[in-house]
Amino acid sequence: MLVETKAKVGVFSIALGAYLPQFPTLVPEFEAQYEAFKKTIPDTVELVDGGMVTTKELSMKAGDRFRAADVDLVILQLLTYATSYNMLPAIRDLNVPVVLVNVQKLKAPDYANTDTPKWLGELYACGAVGEMVADLERAGKRHAVITGVVEGGDDYVAAEIAQWCKAAQVRRRFRYTNIAQIGRPYPGMMDLYIDETNLYNRMGLYTKQFDWEKMWRSLTISQTRTQSARPKDILATFDIAPDKDGKAATVETVWDMAKYVVAFEEWVKEEELGMIASHYDGFARGIAGKLDSMLIPAFSMLIKQGTACAVEGDMKVAMAMSILKTIAGTGQLSEMYSIDFNEDICIIGHSGSGDADISQAKKPTMKIVDVFHGKTGGGYLTQFYPPVGAVTYLGITQDMNGKFKFVVAEGVNEDGPIFTFGDTNMRTRFSIGAREFCNRWSEAGPTHHMAAAVGRHIDTIRKVAKILDVPVDIVCR
């Protein structure tokens with residue numbers, strides 16, 4: 001990532017204080033269980049330790065730690081039965097979900113040889129979970145439950161915790177990076193328009209607005225500070241078509257492009273940008289015209305490094321791309337292109353900058369075109385080749401009250417012919433068929449753009465939605 005962020009996850013455990021003097025062996029047992037549990041939290045996040053809580057006062061101290069750290073998520077380990085007053089003070093003033101991890105130490109009881117402390121310490125599960133959820137509901141807090149077992153390992157529990165940590169990373173990225181708006185959205189694409197104040201209030205994402213004339217000046221000034229490795233990076237990323245004279249691309253021929261890539265990288269770091277949405281609707285000449293022609297490869301190199309870059313000024317799809325890049329490692333801008341009714345598949349893709357990491361079927365290609373369709377000017381066009389197999393689509397939209405909503409679907413990319421005019425496109429089959437997918441996806445009211453990622457990620461996206469407190473429409477899986 002060009003701009004690094006690391007989610008902070010609050011972790012604590014609870015047990016009923018009244019048990020401890022009655023059964024002294026429970027203290028070392030619970031301490032060992034909690035220490036072991038903390039080690040199951042992925043090191044991709046920063047753990048904020050609220051400790052083992054057995055009283056209301058300890059719960060208040062845990063809450064102080066969580067608020068001071070501005071945690072993105074709270075994970076609570078239920079060691080045994082505990083009253084909900086052990087939990088509520090720790091999370092009362094937080095606006096993040098609480099994940100209740102209800103894991104039992106042993107798979108099954110040895111009924112004849114189980115006494116009370118063994119039951120309470122190693123075989124108690126489920127009894128306190130309903131109480132916790134009931135009071136989280138009454139407190140207006142978002143919540144989730146994970147039930148499992150420690151003995152023998154539990155892949156389900158590990159996968160759920162890992163997904164929650166990935167989802168927490170999205171919140172951290174939204175709150176601690178910025179989104180750049182360069183220019184304005186494509187004229188007339190009113191589905192893309194956005195209220196930046198509402199965006200900040202509802203999603204925690206701050207907008208930095210840039211004028212193209214200012215960009216041309218600042219990037220021109222900084223373009224002399226380049227790195228010799230950048231031309232090699234570009235050639236390693238793209239197969240570049242020969243120029244009109246038939247000359248192949250070399251380090252020397254892409255050196256000019258590399259200067260602009262480095263200039264954009266410096267700008268992203270300086271402005272702490274996690275997302276960029278841009279559109280140019282002028283008639284640039286000279287150095288401005290050269291910059292305009294370089295935008296697609298430059299933004300593609302930024303996407304490769306974790307900064308989501310959306311064309312046509314679409315800030316909502318830039319967010320969707322960033323979410324998928326964060327949780328799945330790939331995030332490609334897409335839209336519905338066509339339907340092959342004979343094959344019952346949708347053709348989905350887009351022109352412009354894209355994610356090299358999604359181009360797993362073939363190395364991305366780059367060529368020069370005289371005209372960008374529907375836009376002024378021409379320049380470098382990039383095409384990416386997603387692999388066959390599972391794919392996830394995520395759209396972000398808004399309702400009449402400005403509230404955001406996720407629209408998601410999973411499908412399968414299939415091999416076969418694709419368009420050859422230079423745009424990225426995929427042949428996606430959906431479980432409900434192409435016609436019904438188009439109907440249901442459209443009825444959900446998304447923008448005409450969505451982001452795509454390799455793999456199936458609806459379960460993690462639902463966790464992101466719970467953390468950001470937005471609803472989700474699942475079109476198909």
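In helix α10, Arg230, Pro231 and Ile234 meet Trp255, Met257, Ala258, Val261, Val262 and Glu265 of helix α11, contact being defined by heavy atoms within 4.5 Å. By class, this contact comprises 7 nonpolar, no polar and 2 charged residues; Ala, Val, Leu, Ile, Met, Phe, Trp, Tyr, Cys and Pro count as nonpolar, Asp, Glu, Lys and Arg as charged, and the others, Gly among them, as polar. The model is predicted, with local features requiring pLDDT of at least 70 and side-chain atom pairs pLDDT 80 or more, whereas totals for chains, interfaces and linings use all residues. Residues are numbered from 1 along each chain as its sequence is written, and side-chain values use heavy atoms, without hydrogens and water.

The axes of α10 (residues 229-237) and α11 (residues 255-271) come within 8 Å and cross at roughly 100°. Helix α10 is therefore roughly perpendicular to α11, a term applied to angles of 65 to 115 degrees. Axes are lines fitted to C-alpha atoms, for helices over the stretch in contact, with angles from 0 to 180 degrees between N-to-C directions. Helices (H or I, at least four residues) and strands (E, at least two) are DSSP runs, numbered from the N terminus.

Helix α13 spans residues 315-328. Its 14 residues reach 20 Å from first to last C-alpha, close to the expected 20 Å at 1.5 Å a residue, where the expectation is 1.5 Å times one less than the number of residues. Because 13 of its 14 residues are buried, α13 is largely enclosed by the rest of the structure; buried denotes under 20% relative accessible area (1.4 Å probe, protein chains only). At the start of α13, a side-chain oxygen of Asp314 reaches to within 3.0 Å of the backbone nitrogen of Lys316. Just after the helix, Gly329 adopts a positive phi of about 90°.

Strand β17 (residues 424-429) contains Asn425 and Thr424. Asn425 is buried at 4% relative accessibility, and Thr424 is buried with a relative accessible area of 1%. A polar atom of the Asn425 side chain lies 3.1 Å from the backbone nitrogen of Phe419, and one lies 2.8 Å from the backbone oxygen of Asp423. Not counting residues up to four places away in sequence, Asn425 touches Ile347, Ile348, Gly349, Gln383, Ile418 and Phe419. With the same exclusion, the residues touched by Thr424 include Gln332, His350, Thr382 and Pro386. A polar atom of the Thr424 side chain lies 2.9 Å from the backbone nitrogen of Phe384.

Technical notes. Buried means under 20% relative accessible area, exposed over 50%, partly exposed in between (1.4 Å probe, protein chains only). A polar contact is a pair of N or O atoms within 3.5 Å; within protein, one must be able to donate a hydrogen and the other to accept it, and residues adjacent in sequence count only if both atoms are side-chain atoms. Angles under 35 degrees count as roughly parallel, over 145 as roughly antiparallel, 65 to 115 as roughly perpendicular and the rest as oblique.
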